[in-house]
Amino acid sequence: MGNCCPKPEKLTAEIVPHDGAKVYPTVRLYGSPKSILAAYIRFALLHKSVSLDFVPSNETEPERDGGSDPVRLQVGSEVVTGSRETLLRFIDARFPGPSVEAAGGGGGVGREDETTPLLVRLTVLHHRSMLRQLESVVRWSEDLATRGGKKAIDPTVGSPRMEIRKFGRSYSEVLEVLMEHAQMEETILFPLFDKADRGLAKAAKEEHARDLPIMNGIKEDIKSVGVLDSGSPDFREGLYNISSRLKLLLGQCKQHFREEEVELLPLTEALELTKEQEVSALEQCFDVMRETHGRLLKFLLEGLPAHDAIKYLELINKCRDKARMESMLQMILK
């Protein structure tokens with residue numbers, strides 16, 4: 001059943017700005033919660049900053065997206081059905097903003113990605129999402145520190161203590177994805193490199209160990225500040241320290257990800273994995289990052305621009321276990 005009084009669905013931490021220049025009718029997306037096409041269209045609409053109401057159907061989608069996929073869009077009295085390209089073309093024509101047709105055309109993977117190893121695509125997209133989400137948390141922490149315990153202008157944020165709890169939940173989501181990503185690299189990616197050249201991933205593993213204390217320390221700091229009087233000097237000092245430590249963590253993550261992408265990941269092609277081995281390793285990554293590809297999958301994808309979110313959905317679509325793939329899609333569309 002769809003929501004009778006749909007509310008605008010927004011990106012986590014409001015990554016996409018809303019200028020309020022024009023209000024559009026609610027867009028209703030009809031389709032199966034297990035549909036890869038419905039997932040593509042959901043993220044295309046989300047990055048157009050429209051009010052979206054997903055109405056699940058009982059129809060069953062074919063194994064791969066195509067013209068027969070029972071997905072349709074309704075905007076006011078307009079109803080559109082068809083292939084992914086048809087639906088994306090309609091979205092671009094109907095709503096302003098960056099083109100989503102370019103993001104989703106030709107299978108959703110650009111020419112430069114067709115020869116890029118699957119594990120490299122996965123890892124780089126993780127990096128992009130985690131950095132954007134962490135940057136959002138840093139901006140929030142800076143605002144908290146600047147206000148020094150004063151209420152936010154937005155009444156939905158609540159009192160200072162309520163805001164700290166919400167802030168803590170947002171950071172915890174980023175932290176959980178960071179931790180699972182590191183675990184994935186250490187259990188799947190790095191052993192592949194070490195098998196080919198022992199010690200190749202040593203520096204990357206050392207950086208993981210370096211960053212762990214500060215990541216956990218920030219979480220504890222947020223808990224400590226949350227029980228303080230919002231008008232006290234200790235509260236203000238705590239907010240400043242959290243903001244400073246988050247900026248440090250962001251800088252270290254940027255450096256670490258850049259080093260992996262420049263020095264380590266390009267060597268993946270030299271591993272000479274077969275297509276079968278690549279897909280098996282990709283599926284293992286989904287299994288290791290169980291929460292990231294479960295309740296946090298929507299959070300991960302919301303940290304990506306539309307074209308990258310569609311690329312990530314293409315990776316999910318390579319999963320040979322269709323029940324597993326459908327389970328992931330349902331987390332996105334529920």
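**Close-up views of a predicted model**

**View 1. Packing of helices H1 and H2.** Helix H1 (residues 36-46) packs against helix H2 (residues 84-94) at an angle of about 15°, and their axes are 11 Å apart. Axes here are lines fitted to C-alpha atoms, for helices over the stretch in contact, with angles running from 0 to 180 degrees between N-to-C directions. H1 and H2 are therefore roughly parallel to each other; angles under 35 degrees count as roughly parallel, over 145 as roughly antiparallel, 65 to 115 as roughly perpendicular and the rest as oblique. Their crossing is right-handed, a crossing being left-handed if the near helix is turned anticlockwise from the far one by less than a right angle, and right-handed if clockwise. H1 contributes Leu37, Tyr40, Ile41, Ala44 and Leu45 to the contact, and H2 contributes Arg84, Leu87, Leu88 and Ile91; contact means heavy atoms within 4.5 Å. The model is predicted: local features need pLDDT of at least 70, side-chain atom pairs count only at pLDDT 80 or more, and totals for chains, interfaces and linings use all residues. Residues are numbered from 1 along each chain as its sequence is written, and side-chain values use heavy atoms, with hydrogens and water left out.

**View 2. Arginine side chains over tyrosine rings.** Arg84 lies over the face of Tyr40, at 4.2 Å from the ring centre. Arg72 is placed over the face of Tyr30, at 4.1 Å from the ring centre. A charge sits over a ring if NZ of Lys or CZ of Arg is within 6 Å of the ring centre and within 35 degrees of the ring normal.

**View 3. The aromatic pair Trp140 and Phe167.** Rings of Phe, Tyr and Trp (its six-membered ring) pair if their centres lie within 6.5 Å; planes under 30 degrees apart count as stacked, over 60 as edge-to-face and the rest as tilted. By this rule the count comes to 1 aromatic pair. The ring centres of Trp140 and Phe167 are 5.4 Å apart and the ring planes lie at 80°, so the pair is edge-to-face. It links distant parts of the chain, 27 residues apart: Trp140 belongs to helix H5 (residues 118-147) and Phe167 to helix H6 (residues 160-196). Trp140 is partly exposed, with a relative accessible area of 21%, whereas Phe167 is buried at 2%. Buried means under 20% relative accessible area, exposed over 50%, and partly exposed in between (1.4 Å probe, protein chains only).

View 4. His181 is found in helix H6 and is buried, with a relative accessible area of 3%. Leaving aside neighbours within four places in sequence, His181 is in contact with Thr123, His126, His127, Met130 and Met289. The axes of H6 and helix H7 (residues 202-226) come within 10 Å and cross at roughly 165°. That angle makes H6 roughly antiparallel to H7, and the crossing of H6 and H7 is left-handed.

**View 5. Surroundings of Arg295.** Arg295 is placed in the loop between helix H9 (275-288) and helix H10 (297-302). With 48% relative accessibility, Arg295 counts as partly exposed. Not counting residues up to four places away in sequence, Arg295 touches Glu176 and Met331. The C-alpha atoms of Arg295 and Met331 are separated by 6.2 Å, although the two residues are 36 residues apart along the chain.

**View 6. The protein chain as a whole.** The protein chain has 12 helices and 4 strands. Helices (H or I, at least four residues) and strands (E, at least two) are DSSP runs, numbered from the N terminus. Of its 334 residues, 50% count as buried.
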